Amino acid sequence: MRVFSFTENKKNIFKYFPWYIQNKKKITHVQSWKDRNKYFVIKIENIQTRCMANTLKNCHIYINSNILPKLQNEDYYWKDIISCSIYNIQNQKLGIVTNLIKTPAHDVLVISNKSKNNIKVNKNILIPFIEKKIIKKVSIIEKTIIVDWNYNFE
């Protein structure tokens, strides 16, 4: 099976067990794995056939966040900024963070902008996660992110 890791050091995915695969299976151990540069090929106990492996295709792996290392004061995990409200420096609400995309240059926030004056817009806004230049403030406690980003809602 192929696994794509989004941990900062991609091999760290193997430090965080058990894995939970979209309520389908709890994995407590990986028998073996090979690094294939952009992903890992893994062998899981009790998954003996390609058909069995295909039942887990395109599933997300979850872990219990309690097993993650504790962070310093202003550090945060990606999971912490999902569902944060995004405001620009003019205090316009741009939307809510629904995802992050990892790119070679920098991470990108995916912002769901569902309404303008209660009118359904349903557009995603992509904002580069460049601290100080674009990302001005992240408050995990308030679940808000302030960005230097102008967006035309038209």
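In the predicted model, strand 2 (residues 19–21) runs antiparallel to strand 6, and two bridges join them. One of the bridge pairs links I21 to I61 of strand 6. These strands belong to an open sheet of three strands, ordered 3-2-6, in which the pairing is antiparallel. Strand 3 (25–27) and strand 6 (61–62) form the edges; each has a single partner strand, so one side of each lacks a neighbour in the sheet.

An open sheet of three strands with antiparallel pairing is also found in the order 1-5-4. Its edges are strand 1 (2–3) and strand 4 (30–35), each of which pairs on one side only. Strand 1 is joined to strand 5 (residues 40–44) by two bridges, and the two strands run antiparallel. Within this pairing, V3 has F40 of strand 5 as its bridge partner.

Further pairing involves strand 12 (residues 144–147), which lies parallel to strand 7 (residues 85–88) over four bridges. K137 has I146 of strand 12 as its bridge partner. Strand 11 and strand 12 form a hairpin with four residues between the strands, and in this hairpin K143 adopts a positive phi near 55°.

The cysteines were examined next. A disulfide is a covalent bond between the sulfur atoms of two cysteines. The count of disulfides in the model is zero. C51 takes part in none, and the nearest cysteine sulfur, belonging to C59, is 14 Å away. For C59, the closest cysteine sulfur is that of C51, and the separation of 14 Å is too far for a bond, because a disulfide requires the two sulfur atoms to be within 2.5 Å. The accessibility of each residue was also computed. C51 has a relative accessibility of 60% and therefore counts as exposed, the cut-off for this class being over 50%. C59 has a relative accessible area of 18% and is therefore buried, as the value falls under 20%.

Pockets were then considered. The largest pocket has a volume of about 2,200 Å³. Its lining is made up of 50 residues, and those nearest the centre are F4, S5, F6, T7 and I61. I61 is also the residue of strand 6 that is bridged to I21. Several elements each supply at least two residues of this lining: strand 1, strand 2, strand 5, helix 1 (50–54), strand 6, helix 2 (78–81) and strand 8 (93–102). The largest share, four residues, is contributed by strand 8. Sorted by class, the lining of the largest pocket comprises 28 nonpolar, 11 polar and 11 charged residues.

The second largest pocket has a volume of about 260 Å³. It is lined by 13 residues, of which E74, Y76, K137, V138 and S139 are the closest to its centre. K137 is also the bridge partner of I146 in strand 12. The lining of the second largest pocket contains five nonpolar, two polar and six charged residues.

Definitions and conventions:
Residues numbered from 1 in each chain as written. Predicted model: local features only at pLDDT ≥ 70, side-chain atom pairs only at ≥ 80, totals over all residues. Heavy atoms only, no water. Pairing = 2+ DSSP bridges. Buried < 20%, exposed > 50% of the residue type's maximum accessible area, 1.4 Å probe, protein only. 1 Å grid on protein atoms, 1.4 Å probe; cavity = no way out; pocket = protein on both sides within 12 Å on 5 of 7 lines; lining within 4 Å. Points joined across faces, edges and corners; volume = space filled by probe spheres on them. Nonpolar A, V, L, I, M, F, W, Y, C, P; charged D, E, K, R; others polar.
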